[in-house]
Structure formats: C-alpha cells, structure tokens
Amino acid sequence: MSVTSATLADGREIIYFDDSDPAPGERVLDDPRELPQVTAASEMRRDPLTGEWVAFAAHRMNRTFMPPANENPLAPSQPGQLPTEIPSPSYDVVVFENRFPSFSTHMDVPGDFAYEVDGVERRPAAARCEVVCFTSDPGSSFKELSPRRIRTVIEAWADRTAALSAIDGVRQVFPFENRGEEIGVTLQHPHGQIYSYPFLSPRLSRIVEKVKDNPGLFAEIVERESNGDRVLKETANFLVYVPAAAKWPVEAMVMPKRQVADFTELTDAEKDELAPLLKQLYTAIDGFFPGVEKTPYIAGWTQAPVAGPEREAVRMHLQLFSLMRSPNRLKYLAGSESAQAVWISDTTPEKIAERFREVWPQ
C-alpha cells in the first residue's frame, strides 16, 4: 500500500491510500481551484439536564446536497470537467478534511469567547472531521469492493485513527458510513466519514461506566454470544452476531475476540481476516429485504477512548444497522425512542439473526 499526502487549495489536507504504488505522475496533487481559506465557527454546549454535549455548526446549512452526476465533488477530477475535491484523475481510497465540518481545527477563537451562556457551559467544537472515499466509482458500494480494497480502507481507518487521536483535546475517534437517502445522505458517491470528538459520546460514556464496574465485560459478552443462537459468522479473530438486546429492525455487530482498543492495535493478520468478513456482512444486509437492492444503513465503529484507564477495557466493535423494518418501510424514532430513549422493537434479535443467516453469502 502507498500513502501520499497533499494540501487542497483552501488549506485542507488530502491523503491518498493506494492498493499499490501508483505509476509516476498518476497522482495529481495540485488543486487548481480558487478557494478561500477554510474557516469554521463550530461550538458546543453542555446540556445541564443530561450533561451531554451538543454541537452547533451553522456553516453546514448550505453544504452540498444531491448534486448532479457531473458535479460529484467526490469523483476524481477529469480534464475538461469541473475540478472536484480530489485533484487526481484516479484514486483507490482517498481521505480529506471535510469542507463543511461539524468539528474543526480551523477556527479563530476570539479572546473574549464566552465559555458560558446563561449558565450553560460552552466551548469551541475543536476537533477534526474527515471524508473517506472508498472507490472512485460513483455507482459502487462497500459490498462491491474487493477484499484487497477493503483492506486498504482498514489501513486508512487505522492511519487516521492514529492521526486524529494525536490532536490536542480529542478524546474519541469515530469512523462511520451513512448509506441511503433514507438515512439523510447528501452525496451518493460511496464514502464514509471519520469524526473526532473533544468529549466522549453518550454511547461510549455509558460503556465506560459499565466497564468501570466490570473490566471483563467485553470478554464475557463474546463468550456468551459465541454460545448463543444469534451468531452469523465466527472466524479465528472475530465474532459477527446479532446482539441479544438489538434495538434496530436490522442490526449486527462485529467484535474482535481479544482486547483491541481501536484500529491502530489490529495486527496485519487480523486486518487480513477482517476485510473479507466485512464484505460478507455488507453483502448480507443488502439481501435482507426481498426486492430491496440497497438497504439503507449506518455502520459505526465504536473505538475506545483515546486515553485513560478505560482504554484497556473498552473493545472496538462495529454496529451495522438499518432503520428499515420491512421492504421500503422505515422505523421512525417517535415519542418513546426520541423523547425518552426507550426503545421498542418490532421484531426480535433471534428473527433478525435467522434472516441474516438465510441471506449470508457462501
């Protein structure tokens, strides 16, 4: 694999991750566009009732939304056409700083910045958000990537996890993918994102509290689930299963069998094993609903805190889930789920696992 870094016209970083060394001159690194230097005005405030941080990024209101094919900002730039976010005419995997980030390190924080608003704690939302393009083919999807390409994506996740973890103040790094208009995707090109947070997300905070009480929690979960009837696939180093308390109408989890805090701690052998496993899982979720070619989904990698004693007890894992409850019908998070976070499922984890096994690729 080859890694090449460059700078876009507005000062944002772009990094090419190639399956193999590109030919001389194949990577065009100079961005010909005239763009103003990127600036953001993100802030966050702590909810006094729950203690959770809420981010505000008003500059995202006018971000790119469902552009026509000839204005796809994630396509490689071609001669005679509008330049895109990616100056090179080809790429394998590419990562760049989000032009419309929720969290940013490109901020001029004024000296009189108010760290309190009407008694509510307030901070600059200083961190970094990146876009990860899985392929230059706009009509492809994660399941159609070769295991070798998925392996390159895994290396990109590991590289960026290390880089974002080193940013002062970052406490969590979250690689994820949103797929489908139903999820709210604004660009159809197959891509994911990586958010770094200057705090622990509510989900990770709750996990941290649980492992404080039981440092062996993840090992116990793997042992119990591997002996249950919701296993979808087991390999030497990973377990794929439907959680016993799955919230979503379609949900699966990928868990390492040993303690691994984040992508930076995976061995080469584990990465080699994970790539074809992910291809199988993503293929299965697209076959889950009869008549649905592309299941809308969210794929999120919860990784351990960047630092602290809990890092040794929190194990990285993937949650792949969909809001679709039956063909072309969505589960809406209404009163109970949205207002009180009390989930009510229309199915059972056992039925979800049964259907996954029916469509699992052989």
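The exposed residues Glu223 and Arg224 lie on the face of α3 turned away from its buried side; exposed denotes over 50% relative accessible area, buried under 20%, and partly exposed the range in between (1.4 Å probe, protein chains only). The structure is a predicted model, in which local features need pLDDT of at least 70 and side-chain atom pairs count only at pLDDT 80 or more, while totals for chains, interfaces and linings use all residues. Residues are numbered from 1 along each chain as its sequence is written, and side-chain values use heavy atoms, with hydrogens and water left out.

The buried residues of α3 are Leu217, Phe218, Val222 and Glu225. These residues are on the same side of α3, because the arc that they cover around the axis is only 135°; the arc is that of the directions from the helix axis to the C-beta atoms. The cover over the buried residues of α3 includes α2 (202-213), β11, β12, β13 and β15, where contact means heavy atoms within 4.5 Å. Helix α3 (residues 217-226) lies across β11, β12 (238-241), β13 (250-256) and β15 (317-322), and runs at about 60° to β12. Axes are lines fitted to C-alpha atoms, for helices over the stretch in contact, and angles run from 0 to 180 degrees between N-to-C directions.

An open sheet is formed by 11 strands in the order β1-β2-β5-β8-β10-β9-β14-β15-β13-β12-β11, with antiparallel pairing. Its edge strands, β1 (2-7) and β11 (231-234), each pair on one side only. From one strand to the next, the twist averages 15°. Two strands pair if DSSP finds at least two bridges between them. Strands β2 (residues 13-18) and β5 (residues 93-97) run antiparallel and are joined by four bridges; Phe17 has Val93 as its bridge partner in β5.

In total, the secondary structure of the chain comprises six helices and 17 strands. The radius of gyration is 21 Å, close to the 21 Å given by the globule rule for 362 residues, so the chain is as compact as a globular protein of that length. This radius is taken over C-alpha atoms, and the rule is 2.2 Å times the number of residues to the power 0.38. The C-alpha trace spans about 55 × 55 × 40 Å along the principal axes of the chain. Of the 362 residues in the chain, 51% are buried. Helices (H or I, at least four residues) and strands (E, at least two) are DSSP runs, numbered from the N terminus.
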